[in-house]
Amino acid sequence: MVIQPKIHFTFFQEFRDYLLITFGLLCYAVGFNCFQLPYEITTGGVAGAGAVIFYATGFPVQYTFFLVNIVLLSVAIKILGWKFCLKTIYAVFMLTFLLGFVKEMTILFAQNHPQEFVWSTHGMPQIVRENIFLSCILGAALEGIGLGIVFLSNGSTGGTDIIAAIINKYKDVTLGQMMMLCDFIIITSSLLTPSGHVQNLLYGYCTLIITNLLLDYVIDRGRQSVQFLIFSRKYEDIAAAINTTGRGVTVLDGIGWYTRKESKVLVVLAKKRESTNIFRIIQNIDPNAFVSQSKVIGVFGEGFDKIKVKAAKK
């Protein structure tokens with residue numbers, strides 16, 4: 001009887017993660033196909049490498065993305081294990097489908113409204129007509145937001161993420177550094193294509209910067225936490241009420257230096273979005289309570305983020 005709620009919670013949590021991963025991948029596919037490809041802007045990752053091949057040969061991006069990731073996943077499963085790769089495998093198959101699906105839908109829509117679109121040399125309609133700068137901004141924004149949602153849901157799009165994770169396992173190099181290096185090499189390689197020129201290369205670098213900025217913004221906004229220090233004579237009632245919301249409360253012994261009287265201090269760690277509810281609880285029970293709220297850089301453990309560090313080498 002006690003185990004059943006945990007099973008349901010895990011199922012719905014996983015279902016929500018996969019739903020959000022799918023939505024994030026859709027945002028990425030729209031940004032990539034509708035705003036990057038028509039102007040031959042190269043983004044990072046395996047999708048960016050696929051774009052370079054597409055500009056040079058016309059070979060569909062989704063096929064390159066799928067083939068490269070299958071090779072990387074086969075290596076990653078042996079080195080990193082199934083647990084790391086499960087959601088990545090789902091994301092690879094789903095993004096492969098969405099890259100092709102969004103591309104075909106965009107072309108189909110443009111063919112039905114030919115007077116509204118300008119076509120690129122590779123047969124892609126320009127959603128933003130003859131404005132490469134705006135297209136770069138919109139495409140990078142959608143890609144960054146999409147990737148942020150994917151990563152926030154414990155997902156991964158494979159590609160350079162896998163390469164970075166494998167190298168990080170054996171070398172003292174951060175994931176961010178490795179991913180940035182891989183993306184820089186991929187974007188720079190766009191100069192080797194027949195239509196490659198410095199302007200598109202610079203837009204590719206802009207795309208990389210904007211994508212990473214928005215990715216970090218989405219992740220940081222989704223993981224913002226706060227810490228409460230609550231001083232009140234009715235600490236027991238406040239602690240019990242906060243506990244009913246699913247948040248834990250720690251009671252510390254304190255002493256007022258001026259009054260020399262002992263007091264109890266409640267320590268509460270919560271998501272930022274839960275702050276209003278906690279303030280309402282405190283106000284309803286003890287309007288005269290003294291409360292300190294502060295932002296915390298990271299909270300790890302049950303109910304928050306998982307601790308992710310490499311084990312020390314023995």
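Two strands pair if DSSP finds at least two bridges between them; strands (E, at least two residues) and helices (H or I, at least four) are DSSP runs, numbered from the N terminus. This is a predicted model in which local features need pLDDT of at least 70 and side-chain atom pairs count only at pLDDT 80 or more, while totals for chains, interfaces and linings use all residues. Residues are numbered from 1 along each chain as its sequence is written, and side-chain values use heavy atoms, with hydrogens and water left out.

**View 1. Strand β5 and its antiparallel partners β3 and β4**. β3 (residues 225-231) pairs with β5 (residues 262-271) over 7 bridges, and Q227 stands opposite L269. β4 (residues 250-255) is joined to β5 by 6 bridges, with V265 as the bridge partner of L252. In the hairpin of β4 and β5, 6 residues lie between the strands, and R260 has a positive phi near 60°.

**View 2. The largest nonpolar core, with 36 residues**. Such a core is a set of buried (under 20% relative accessible area, 1.4 Å probe, protein chains only) Ala, Val, Leu, Ile, Met, Phe, Trp, Tyr and Cys residues joined through side-chain atoms within 4.5 Å. L25, F32, L37, F65, L95 and L99 touch the most other members. Helix α4 (82-112) is one of the elements that supply at least two residues, and α4 gives the most, 10 residues.

**View 3. I145 in helix α5**. Beyond neighbours within four places in sequence, I145 is in contact (heavy atoms within 4.5 Å) with L214 and V218.

How values were computed: Buried < 20%, exposed > 50% of the residue type's maximum accessible area, 1.4 Å probe, protein only.
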